[in-house]
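I opened my notebook for a quick look at this one.

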Amino acid sequence: MKKDIKSLSFEQLNNEIAELGLPRFRAKQIFEWLHKFGVDSFDEMTNISKELRKSLAEEYFVSSVIIEDKYVSKIDETVKYLIRLNDGEYIEAVIMKYKYGYTICVSSQVGCKMGCKFCASTLAGFKRNLLAGEIESQLHVAQRDLNIRISNVVLMGIGEPLDNYDNVLNFIYNVNNENGLNISMRSITLSTCGIVPKLYDLMNEEIPITLTISLHAPNDELRSKTMPVNDKWNIEELISACKAYVDKTGRRVSFEYTLINRVNDSPECARELCQRLKGLLCHVNLIPVNDVEERGNVRSSDKAVENFLQILKNNGINATIRRTLGSDINASCGQLRRKKTEVS
Ligand code: SAH
């Protein structure tokens with residue numbers, strides 16, 4: 001079976017090109033075509049001889065994705081793409097415009113196995129992991145479509161990135177590579193529901209990306225109700241891993257806390273959260289829950305959100321309320337793939 005050349009890291013590509021008996025500069029040329037220019041075929045690699053292109057195409061394929069649908073928010077210019085993969089599966093990517101540049105939110109899997117109760121991504125089931133090249137191709141098609149340069153990446157689309165570890169790591173190394181998109185590690189954020197052993201693997205990579213933990217509850221009883229992953233690795237194990245992460249990388253850890261009316265938004269919950277996070281170099285992002293029809297969750301009131309924030313701040317915990325972008329285009333959490341699989 002042919003291998004995806006776009007999913008190889010720079011080092012792996014160098015090794016494979018050396019094994020083919022080719023000079024080292026060829027690997028760099030090919031890498032640039034794939035990652036800096038985002039070509040979808042060997043034929044576009046015009047500084048490489050026809051014969052070599054042909055023999056490469058016998059061993060490898062170039063992973064790619066295409067834009068199926070595009071939704072542009074009238075409120076804030078957020079763009080959401082429904083993206084089709086070569087096997088007919090669908091994923092989503094979102095482009096958000098901030099003062100400092102464009103951020104892309106990419107998917108890492110087709111569907112998700114994690115089963116979080118408030119999230120739309122698991123509703124349509126898990127199909128497969130994305131290849132590193134398919135994760136990166138989301139950047140290439142969006143950049144081309146909007147004629148922009150993306151400066152920040154968040155792995156917060158469909159899927160659990162740490163459940164597709166090798167592909168996600170190759171993706172991160174490749175977009176960071178100076179021969180590719182050259183996006184700085186500090187501009188890359190990985191969000192996880194808390195696969196603890198993989199957090200230890202990640203800290204051992206010693207890369208200064210931003211780590212975000214989807215916490216959503218201050219105690220195990222509450223967290224296990226909405227996040228099955230908590231039955232495997234509980235909050236204590238998760239926070240210990242975060243402490244180790246901060247010690248090892250010197251990077252602040254972020255926590256996502258989605259506020260759901262009368263579920264996890266009480267002042268007691270806020271105080272319990274403060275106890276949990278005491279002494280940890282961290283930041284808390286409070287997110288009013290997005291209504292997902294099938295999930296039936298209700299947003300916390302503005303007052304409850306403000307109150308929650310104030311309690312965290314009074315206890316010396318860094319916290320902010322996440323601004324919602326693209327709310328008129330279902331720009332969150334697997335909602336488009338869900339719709340597509342419903343109708344097809
Ligand atoms: N699997 C990873 C990344 C994908 S989810 C993770 O769990 O972190 C990205 C973020 O969106 C997570 O914090 C997730 O908990 C949150 N999220 C999911 N559904 C949501 C909803 N309906 N409203 C608000 N945030 C939601």
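I started with the backbone at the ligand: a polar backbone atom of Thr-192 sits 3.3 Å from a ligand oxygen atom. I noted that this is a predicted model.

Next I checked Cys-193, where a polar backbone atom is 3.5 Å from an oxygen atom of the ligand. I then looked up the cover: the ligand alone exposes 530 Å², and the protein buries 93% of that.

Which residues come nearest to the ligand? Out of 18 around it, I wrote down Gly-159, Ser-191, Ser-214, His-216 and Asn-290. Sorting the shell by class, I got eight nonpolar, eight polar and two charged residues. I also asked which strands contribute: E10 (188–192) and E12 (253–259) each supply at least two residues of that shell.

Then I turned to Ala-57, which I located in helix H3, spanning residues 50–59. Is Ala-57 buried, partly exposed or exposed? Its relative accessibility is 29%, so I logged Ala-57 as partly exposed, given that buried means under 20% and exposed over 50%.

For its partners, I set aside the neighbours within four places in sequence; Ala-57 is then in contact with Lys-2 and Phe-42. I followed up on Lys-2: it is 55 residues from Ala-57 along the chain, and their C-alpha atoms are separated by 8.6 Å.

How values were computed:
Residues numbered from 1 in each chain as written. Predicted model: local features only at pLDDT ≥ 70, side-chain atom pairs only at ≥ 80, totals over all residues. Heavy atoms only, no water. Helix = DSSP H or I, 4+ residues; strand = E, 2+ residues; numbered from the N terminus. Buried < 20%, exposed > 50% of the residue type's maximum accessible area, 1.4 Å probe, protein only. Contact = heavy atoms within 4.5 Å. Near = heavy atom within 4 Å. Polar contact = N/O pair within 3.5 Å; in protein donor to acceptor, adjacent residues only side chain to side chain. Areas by Shrake-Rupley, 256 points an atom, 1.4 Å probe, with all protein chains shown as cover. Nonpolar A, V, L, I, M, F, W, Y, C, P; charged D, E, K, R; others polar.
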